[in-house]
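Thanks for coming. I will go through one structure today, starting with a term and then moving from the whole chain to the ligands.

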Amino acid sequence: MDTISSSASISTPRFRCFDPSNSYHATTVNHRPYFLTFSANPTTAGISTRDSSSKDAMGDSTVYEPKIITGDAGYVLEDVPHLTDHISDLPTYPNPLQDNPSYSVVKQYFVNEDDTVAQKIVVQKDSPRGTHFRRAGPRQKVYFKSDEVHACIVTCGGLCPGLNTVIRELVCGLHHMYGVNKVLGIEGGYRGFYARNTVPLSPKVVNDIHKRGGTILGTSRGGYDTSKIVDSIQDRGINQVYIIGGDGTQRGASVIFEEIRRRGLKVAVVGIPKTIDNDIPVIDKSFGFDTAVEEAQRAINAAHVEAESVENGIGVVKLMGRYSGFIAMYATLASRDVDCCLIPESPFYLEGPGGLFEFIRKRLKEHGHMVIVIAEGAGQELLCESIRAMDQKDASGNKLLQDVGLWISQKIKDHFASQQKMNITLKYIDPTYMIRAIPSNASDNVYCTLLAHSAIHGAMAGYTGFTVGPVNGRHAYIPFHQVTERQNKVVITDRMWARLLSSTNQPSFVDPKQVIKDINADEEPQSELLDGDNCIDTPTTKERV
Ligand SMILES: Nc1ncnc2c1ncn2[C@@H]1O[C@H](COP(=O)(O)OP(=O)(O)O)[C@@H](O)[C@H]1O
Ligand SMILES: O=P(O)(O)OC[C@H]1O[C@](O)(COP(=O)(O)O)[C@@H](O)[C@@H]1O
Ligand SMILES: [Mg+2]
């Protein structure tokens, strides 16, 4: 890509020819998932082609690359696609918000077209300005007339507190801010596009749903079929698609977007990131995470009460976190009753000097009781050694984990039973589904509202193929690949994990020099790891399904 050192310049989408005989292209360009082809012929704009092969009418095929805008001092904007990238001569309309009594008094309500949000805000005098994302928010001009919009909403993957709030705020936001009345709920996740019922959504229908856990639309794993989904979008005349879900869902949304632009449709595809594990990179935090951490306190409190009521009592609490231990880490930091927190990112061992059993013995001798919090993905390699190794996957292709909570509880019991010197009483609490099936708390509700509004403003302004979320506190439009090619993980060489170690006073189980060596081997910049207060991202562990 060209870099121009003076004023900002656009490196517009480039089209590279490739073998049109492949009917479905999911190629990886520099580890970036740029797939598929779309019509290079702008005259097909808005016209249904319904050809789900990768060739256009001329038999020509292209691969889309992202829009990169470079500017002074190492400034880079990772821009998101726009409907006008693949449809020419689209009419625009004044944003109806300017006549909306609630919003019209807001000074500078509309976002400046040039506003961008920096991914990295800790900088040195001479460091490059780095990657930026387009700032979210309402624009002066919109690309849809209110009565032209036919939106749909779908929720996919596992549950998370706040799903209903996002649905509610999408429906109400579309209605109240943009006068949109046609919003369809797709039931049962991606497969609902072609195999389930749909439900019309109005402000009245969704009025109270934020007080309930789960999703009124239902959800599912698996059942993803690009052609059928896009056929359904096209057949129903849907032109704004709001897709709420985690990493898997966003990968699916990215492919739907590619297929839509390949067919030359005027359809905006918007992802709203959902993950209770907080494993989506780039964004500050995922909605529902705070609620989950708060709810986890109840389980930890119960474990603590049980443990301190008996001699040598041990309370074990298992929390969610398939590959990322954020819930366990934050729940531990918040509680202060936890003696040991085990997460997937920090390997541990049981036997011998410096091992978990030795630590338990020591802590019981000192305090007479202890609480252990373990994330579901922690210690999976130990389980695989002792239990028959299994490689089962769920319908979406996610690895199915062994129950580490039960396993570790049994291991601890067995260990102390074999050592006559200490009798222990262990209580195991598994609140995993209880912390994600509840309604979101107050702050998550507000966060969900902002996410929904940012998503709506982006779609109305003609942006497409993006995920929305806060980056350093400001909402931004983020290209799909940025959130799908890596996972956000706890960095155990970061200060947050050090705070945890210091608060529990547990052993780190690992040699710090080895950890730094391993992380460097992953090609992550050392300074970010050592200086940052936040966590960095590591390559995704999930294969495409
Ligand atoms: N690589 C992918 N391409 C297309 N669809 C995907 C991909 N990975 C997952 N999906 C679909 O996204 C949906 C949700 O994925 P899943 O991994 O279960 O949850 P989450 O989105 O919460 O991570 C499922 O319907 C699944 O089939
Ligand atoms: O029982 P399910 O629905 O497969 O959910 C279990 C998984 O869902 C999660 O809560 C989150 O996963 P997703 O974000 O992929 O939905 C994991 O922590 C957990 O392993
Ligand atoms: Mg996931």
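Before anything else, a definition: two residues are in contact here if their C-beta atoms, placed from the backbone, lie within 7 Å. Please also keep in mind that this is a predicted model.

Leu184 is in contact with Cys152, Thr198, Pro200, Leu201 and Ile238, leaving aside its neighbours within four places in sequence. Leu184 sits in strand S11, residues 183-186.

Now the chain as a whole. The chain has 545 residues, and 48% of them are buried. Its secondary structure comes to 16 helices and 22 strands. If we take the contacts with a separation of 6 or more, 78% of them are between residues 24 or more positions apart.

The domain assignment gives two segments for each domain: 68-286 + 440-485 for domain 1, and 289-438 + 491-520 for domain 2. The C-alpha centres of domain 1 and domain 2 lie 36 Å apart. Where the two meet, 21 residues of domain 1 are in contact with 18 residues of domain 2. On the domain 1 side, the residues that touch domain 2 divide by class into four nonpolar, twelve polar and five charged.

Ligand 2 is surrounded by 14 residues. The closest ones are Gly157, Gly158, Gly246, Met320 and Arg322. Sorted by class, the shell around ligand 2 has two nonpolar, seven polar and five charged residues. Domain 1 and domain 2 each supply at least three residues to the shell around ligand 2.

Next, the annotations. An unreviewed UniProt entry places the feature "binding site" at Gly158, Arg221, Gly222, Gly246, Asp247, Gly248 and Thr249. These positions are spread over 92 residues of sequence, yet they cluster in space, with a largest C-alpha distance of 13.0 Å.

I will take two of these residues in turn. Gly248 lies in helix H6. Gly248 counts as buried because it has 24 C-beta neighbours inside 10 Å. Not counting residues up to four places away in sequence, Gly248 touches Gly157 and Ser396.

Thr249 has 29 other C-beta atoms within 10 Å, so it is buried. With residues up to four places away in sequence left out, Thr249 touches Cys156, Gly157 and Ile243.

For "active site", the unreviewed UniProt entry lists Asp277. Asp277 is in the loop between strand S14, residues 268-273, and helix H7. It counts as buried because there are 29 C-beta neighbours inside 10 Å. Beyond four places in sequence, Asp277 touches Met320, Gly321, Arg322, Ser324, Phe326 and Ile327. Met320 and Arg322 are also among the residues closest to ligand 2.

Phe326 and Ile327 take us to the last item, helix H8. Eight of the ten residues of H8, which spans 326-335, are buried, so H8 is largely enclosed by the rest of the structure. The buried residues are Phe326, Ile327, Ala328, Met329, Tyr330, Ala331, Thr332 and Ser335. What do the buried residues of H8 pack against? They pack against helices H7 (289-308) and H14 (495-504), and against strands S15 (313-319), S16 (340-342) and S17 (369-375). Just after H8, Arg336 takes a positive phi of about 70 degrees.

That is the end of the talk.

Terms used: Residues numbered from 1 in each chain as written. Chains lettered and ligands numbered in written order. Predicted model: local features only at pLDDT ≥ 70, side-chain atom pairs only at ≥ 80, totals over all residues. Buried ≥ 20, exposed ≤ 12 C-beta atoms within 10 Å, placed from the backbone. Helix = DSSP H or I, 4+ residues; strand = E, 2+ residues; numbered from the N terminus. Near = placed C-beta within 6 Å. Nonpolar A, V, L, I, M, F, W, Y, C, P; charged D, E, K, R; others polar. Domains from an automatic or database assignment. UniProt positions renumbered as here; feature names shortened; annotations may be inferred.
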